[in-house]
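Have the sequence and the 3D view open as you read.

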Amino acid sequence: MMDLAIQTKQLSKHYPNVEAVQELNLQVPVGSIFGFLGPNGAGKTTTIRMLLGLTFPTRGNATVLGLNPWEQGSALRQHLGYVAENNNLYNYMRVRDILSFTKSLKATWDDGLANQMLELFDLPQKEEVGTLSRGMQRQLALILALASRPKLLLLDEPTSGLDPIKRREFLNLMLEQLVEQEQTILLSSHDLSEVERIADYVALIDHGSMLVQSPLDDLKQNVKQLIIGFSGEAPEVPKETGILQAKRAPNRWELIVDERVDAASLLPMPAVRVEERRLSLEEIFFAYAGGQAR
Amino acid sequence: MLFHVDASSSVPIYVQIVDQVKSATASGLLKAGEQLPSVRELAVSLTVNPNTIARAYQELERDGIIYTARGRGTFIADTSQRLTLEVRLKTLEQHIERLLVEAYHLDISKAQLLDLITRKLTEGEGARE
C-alpha cells in the first residue's frame, strides 16, 4: 500500500443551487505530482479549499498529511504551501516586507531558495505589491508558497499569467525541489499540455464528480480507440463496462475503450478490419467527459 | 540534447525515452560504457517528472541496455554480453503474438504473413549493406 499525502472519502460540498463536489475519492501518493484537471467550474477550487480546511464539507472526510484539515487546520498549514487561483496579497506591503512577514509565520522558511526564485522571476523588492502586474503578483505568491519547503504544495492554476519561458523555468524549479525532498504537489489546471509533461498521476473531474483517476502512463497505455469494420451492416454495440465512447456507423464501430475491454470477445460476428490507435491525454479526457454528458 | 519528449503524444513519456535510448545504442550513437545523465539532470532538462525518468531507466536496466554503478551513475551496457538468448527470444515472442492477433483480425493468411516478413527482412538487409 503506498503512502498517501491526500486521501478523501466521499468528499462532498453542496451549495443551495449547485452540487459543487460530489463523493470525491481522491488518492494522492506521497512524492507524486498530481494533476487535478477539469474545466472551469468543475469543482477543483472548492476541493482544494476543503483540503486546506478553509471550507467545510457537506459530507465525507479527508486526511491530508495524516491530519484532519478541519480539526487540525493550523498544524496542517505549517506543512502546506498554497497558491490560490486569485491571490489577494497585501497590496500596501512592499515585496521585501511581505517576504519577511511570511517568513515569520513559517518555521521552515529557506532564504536561499526565496532569493533564488526572486532572481529567477526578477521581482523588484522595493515596490509595493499593489503596483506589480498580475503576472508578477502570481510569481510572488509562488515564492511565498515554495520558500518554506512545504511537504505538500497545493497549486490552483499556478502558471496562469506566466509567459512560456517563465512557466518552464518555474516547472523546473518545482521538479528540482521534488527530487531533493519527498514533496508532493497537487496541481490544478485546465491546461493539459503542461500537466502532461510533469504529472505522474492525474484525476479528471467535471460537474463535481471524478471521471477518472490514474497514473498518467497507465491511462495512456490502457485507453485506446478501436475502429472495427464489418462486411455488412454493423450490429448494435453491446453495453459493456469499459466502453467509454461508442459510435456506430453503417459498416463500422468507432469505440474508445479502457483495459477492461477485449476486442476479440466483444465481437458478435467476425470483423473485416480491426484498427487500434492510442490516444493523447486530451482525446482520453474528452472521451471520459463525453461519456458523462450522455 | 540527445533526448526529447513530445508530451502531447499518445506514447507515454517513459516509453519515448526508452525507445530513444534503444535506437541510439542500436545505431551506435551511444556507445558501451558511455554515461547517461542522472535522473534528476534529465528530468530538469526535459521538464518532466523525475519518476518518469526513473521508470524509463528501470525498464532499460531490466532489458540490459543500461546498468547503474552505485554512486557513479548510469551507463550504457556492453551489448555483446547483454541478455541471454532465452530472454531475448522471450521478448520478441510477445511482439510476435501481438502480430499474429493483428494478422488474424485483418484476415491475413499464414502464407501472406510469411511472405511479408521475408520481404521486410530482405529490404532490411539491402538497407544495411
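Predicted model: local features only at pLDDT ≥ 70, side-chain atom pairs only at ≥ 80, totals over all residues.

As for labels, residues are numbered from 1 along each chain as its sequence is written, and chains are lettered from A and ligands numbered from 1 in the order in which they are written.

Chain A has 10 helices and 14 strands; helices (H or I, at least four residues) and strands (E, at least two) are DSSP runs, numbered from the N terminus. Its C-alpha trace spans about 75 × 40 × 40 Å along the principal axes. Of its 294 residues, 36% are buried, where buried takes 20 or more other C-beta atoms within 10 Å of a residue's own, exposed takes 12 or fewer, and partly exposed is in between, with C-beta atoms placed from the backbone.

Now over to chain B, with 5 helices and 3 strands. Read from the N terminus, its elements go α-β-α-α-β-β-α-α. Buried residues are 21% of its 129, and 52% of its contacts with a separation of 6 or more come from residues 24 or more positions apart.

So how do two of those helices meet? Two packed helices are described by the angle between their axes and the distance between the axes. In chain B, helix 1 (residues 13-26) packs on helix 3 (residues 50-62) at about 45 degrees, with the axes 8 Å apart; axes are lines fitted to C-alpha atoms, for helices over the stretch in contact, and angles run from 0 to 180 degrees between N-to-C directions. That angle makes helix 1 of chain B oblique to helix 3 of chain B (under 35 degrees is roughly parallel, over 145 roughly antiparallel, 65 to 115 roughly perpendicular, and the rest oblique). From helix 1 of chain B, the residues in contact include Ile17(B) and Val21(B), and from helix 3 of chain B they include Ile53(B) and Leu60(B).

Finally, look at Gln58(B), also in helix 3 of chain B. Gln58(B) counts as partly exposed because it has 14 C-beta neighbours inside 10 Å. Its C-alpha lies 9.5 Å from that of Val18(B), 40 residues away in sequence.

Terms used
Contact = placed C-beta atoms within 7 Å.
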